[in-house]
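Let us go through this structure by question and answer. Keep the chain on screen as you read.

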Amino acid sequence: MGAVTVGRVLAAHGIAGGCKCAYHTDYPERLSRRENYILRDPHSGEIFTLTASSIRLLADSFLISFREIPQREQMMLLAGWLLEISAAEVPDDAGDGEFYFFQLQGLEVVTASGQCVGAVTNVIRGANQEILEVGALGGETKLIPFASIAIAKVDLKNNQIILQPDYGL
């Protein structure tokens, strides 16, 4: 099922290998409830599985230290890496008609008449709204705003996102 990004390493913090991370989650309070994390280089895909030794939530970021990284110099090399958790560990607490953005990846995007447009390859978080990056048939990429003007329904049971009847591609 993959992994879900919950933070991004901004910089080393302190002398014992801790770091300051930007939030990539709507539920920061859940970060302190867990012990295991995945640290992934977004460029090379290299990963480390780490155990949190401490975590402190701040207003706009959080501080976290790992047992496996005892020195500041080691952490300095990891700036820009993504902090992730296994998607299987995300609580299944979404209400009816609700979902997590990671669940949209891979869903088929179809027109109101049922014609396949492609599949969601990424959800881009924008300042004002999210945008679905869709790998369209024929190899091109389409960007579709994740807003009611474009999206009629997200149907997780049928693995589809249905576009509004009047949304033109």
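This is a predicted model: local features need pLDDT of at least 70, side-chain atom pairs count only at pLDDT 80 or more; totals for chains, interfaces and linings use all residues.

Q: How many helices and strands does the secondary structure of the protein chain come to?
A: From the N terminus on, the elements run β-β-β-β-β-α-β-β-β-β-β-β-β. The C-alpha atoms fill a box of roughly 60 × 35 × 30 Å along the principal axes. The count for the chain is 1 helix and 12 strands.

Q: What percentage of the residues in the protein chain is buried?
A: A residue is buried when its relative accessible area is under 20%. The protein chain has 169 residues. The buried part of them comes to 35%.

Q: Why is strand 6 largely enclosed by the rest of the structure?
A: Strand 6 covers residues 82-86. The strand is largely enclosed because, of its 5 residues, the number buried is 4.

Q: Is E84 buried or exposed?
A: E84 lies in strand 6. Its side chain makes a polar contact of 2.8 Å with the side chain of R40. The relative accessible area of E84 is 5%, so this residue is buried.

Q: How many disulfides does the structure hold?
A: A disulfide is a covalent bond between the sulfur atoms of two cysteines. Here the cut-off between sulfur atoms is 2.5 Å. For C19, the nearest cysteine sulfur is that of C21, 3.6 Å away, and C19 is in no disulfide. The number of disulfides in the structure is 0.

Q: Is C19 buried or exposed?
A: Take C116 for contrast: at 27% relative accessibility, C116 counts as partly exposed. C19 has a relative accessibility of 1%. C19 therefore counts as buried.

Q: What distance separates the C-alpha atoms of C21 and F62?
A: C21 is in strand 2, residues 18-23. With a relative accessible area of 0%, C21 is buried. F62 is 41 residues away along the chain. The C-alpha separation is 5.3 Å.

Q: What distance separates the C-alpha atoms of A22 and A127?
A: A22 is also found in strand 2. A22 has a relative accessible area of 14%, so A22 is buried. A127 is 105 residues away along the chain. The C-alpha atoms of this pair are separated by 15 Å.

Q: Which residues lining the largest pocket are the closest to its centre?
A: The largest pocket has a volume of about 1,000 Å³. Its lining has 33 residues. The closest to the centre are V4, T5, H24, F101 and F102.

Q: Which elements give two or more residues to the lining of the largest pocket?
A: The lining residues divide into 17 nonpolar, 7 polar and 9 charged. The elements that give two or more of the lining residues are strand 1, strand 6 and strand 8 (116-125).

Conventions: Residues are numbered from 1 along each chain as its sequence is written. Side-chain values use heavy atoms; hydrogens and water are left out. Buried means under 20% relative accessible area, exposed over 50%, partly exposed in between (1.4 Å probe, protein chains only). On a 1 Å grid over the protein atoms alone, a cavity is a set of points where a 1.4 Å probe fits but cannot get out, and a pocket is an open set with protein on both sides within 12 Å along at least five of seven lines; lining residues have an atom within 4 Å of a point. Grid points are joined across faces, edges and corners, and a volume is the space filled by probe spheres set on the points. Ala, Val, Leu, Ile, Met, Phe, Trp, Tyr, Cys and Pro count as nonpolar, Asp, Glu, Lys and Arg as charged, and the others, Gly among them, as polar. A polar contact is a pair of N or O atoms within 3.5 Å; within protein, one must be able to donate a hydrogen and the other to accept it, and residues adjacent in sequence count only if both atoms are side-chain atoms.
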